[in-house]
Each structure stands twice: as structure tokens, then as C-alpha cells.
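Please read it alongside the sequence and the model.

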Amino acid sequence: MPDEGCPLKKKRSRRGFIDIMLGLGFMGSTASVVYPVLRYLKPLGPSGAQGPMKLTKEDQAKLEREHMLIVRSGTTRILVFEDGQQKLRALDARCTHEGCTVQFVPGESLIWCACHNGKFDLDGRVLSGPPPRPLAQYSCTREADGSLVVNTDRKKEEA
Ligand code: FES
């Protein structure tokens with residue numbers, strides 16, 4: 001006698017499906033808690049930029065207007081800004097803690113990460129907060145034709 005119509009077997013397969021779905025839900029919610037904790041405990045490694053990068057005229061105009069700019073070189077975000085003495089500086093814009101984009105706070109002469117209130121000085125050294133390492137520094141030069149070049153291949157040594 002075929003047991004396709006057996007209500008007990010149907011009930012068992014439905015129960016198995018529900019068990020699997022509950023297991024997946026439990027694993028997903030566990031991973032959503034564990035992953036951020038692991039990222040917090042083991043911060044990101046240093047990022048790499050690719051070669052010298054000439055700023056466009058639009059970038060230069062924005063830099064003159066706002067005194068700061070974030071540009072990309074490959075996958076690297078670079079914060080270019082003008083300090084109080086009108087000296088151009090360039091730092092890796094990726095926070096060394098969990099990778100948020102940092103910003104220049106001209107009034108306080110510091111680099112600030114809004115994610116966990118990490119603070120760096122204008123040379124990229126950690127002042128306070130959870131970032132484990134300083135921000136990488138890049139040299140920024142003005143060419144004879146007035147254009148600005150961020151020398152991402154001449155990365156200064158991290159302290
Ligand atoms: S990502 Fe946590 S302080 Fe920047």
C-alpha cells in the first residue's frame with residue numbers, strides 16, 4: 001500500500017523543513033552578531049594605492065573652495081587637505097579601525113572618524129579612539145603647470 005497519503009509522513013517532512021529554516025535563521029542571526037564583533041577586534045589591514053595621481057581641474061577647484069577633498073586611486077580613498085599654513089597634505093582616508101572614511105576638521109586641526117569617534121593629528125597619528133594604527137601619509141606636490149599630484153607610490157613610512 002503506497003503511503004503517499006500518509007498524514008504522518010507529510011507532517012514529518014513539513015516539520016523537517018521548519019527545522020531547517022529555524023536552523024538557518026539561527027545561524028544567520030548568530031553571524032550578524034559575531035561578524036561585527038570580530039571586525040571590531042581584528043581591524044582592517046593597510047590598503048594600497050596605485051601610482052601618482054594628478055588631480056583634475058574640478059578636484060583642484062573643489063580643494064580651493066572647501067580646503068579638503070577625497071579622491072580615489074584604485075580602491076584607495078585619499079583625503080587631500082590644506083592645513084592652517086596652506087600646506088597641502090594627503091592621507092589615506094580609510095580609518096585603520098573598521099574602514100570608515102575619515103574627514104578633516106579644520107577648526108580643530110584634526111582628522112576625525114565619525115564611526116567610533118577616532119581622532120588623528122594632521123600627520124595621521126592616532127590621538128584617541130579605537131584606531132590601532134596611524135593613517136598612511138602620501139606626499140602632495142604642485143607641478144610647474146600648477147597642477148597637483150598626489151604621489152601614492154611614495155607612501156611615507158607609517159609610524
Ligand atoms: S572605523 Fe572605528 S574609529 Fe574609525
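## Contacts and overall make-up

Among contacts in the protein between residues at least 6 apart in sequence, 42% join residues that are at least 24 apart, where two residues are in contact if their C-beta atoms, placed from the backbone, lie within 7 Å. The model is a predicted one, in which local features need pLDDT of at least 70 and side-chain atom pairs count only at pLDDT 80 or more, whereas totals for chains, interfaces and linings use all residues. Residues are numbered from 1 along each chain as its sequence is written.

The protein contains 2 helices and 10 strands, these being DSSP runs (helices H or I, at least four residues; strands E, at least two) numbered from the N terminus. Along the sequence they follow the pattern α-β-α-β-β-β-β-β-β-β-β-β. Of the 159 residues, 21% count as buried; a residue is buried if 20 or more other C-beta atoms lie within 10 Å of its own, exposed if 12 or fewer, and partly exposed in between, with C-beta atoms placed from the backbone.

## The six-stranded sheet

An open sheet is formed by 6 strands in the order E1-E10-E9-E4-E3-E2, with antiparallel pairing; two strands pair if DSSP finds at least two bridges between them. Because E1 and E2 stand at the edges, each with a single partner strand, one side of each is left without a neighbour in the sheet. Neighbouring strands of this sheet are turned by 25° against each other on average, direction ignored, the axes being lines fitted to C-alpha atoms (for helices over the stretch in contact) and angles running from 0 to 180 degrees between N-to-C directions.

## Strand E10 and its partners

Strand E1 (residues 52-54) is joined to E10 by 3 bridges in the antiparallel sense, and Pro52 stands opposite Asn151. Strand E9 (residues 137-142) also runs antiparallel to E10, with 4 bridges between them, and here Ser139 stands opposite Asn151.

The hairpin of E9 and E10 has 5 residues between the strands, and Gly146 in this hairpin takes a positive phi near 90°.

E4 and E9 run antiparallel and are joined by 2 bridges, with Ala90 standing opposite Tyr138 in E9. E4 (residues 88-92) in turn pairs with E3 in the antiparallel sense over 5 bridges, and Glu82 stands opposite Leu88. The hairpin of E3 and E4 has 5 residues between the strands, with Gln86 at a positive phi near 60°.

Strands E2 (residues 68-73) and E3 (residues 76-82) run antiparallel and are joined by 6 bridges, and the bridge partner of Met68 in E3 is Phe81. Their hairpin has 2 residues between the strands, and Gly74 in the turn has a positive phi of about 65°.

## Helix H2 against the sheet

Which strands does H2 touch where it packs on the sheet? Helix H2 (residues 57-66) touches E2, E3 and E10, and its direction makes about 150° with that of E2. Just after H2, His67 takes a positive phi of about 65°.
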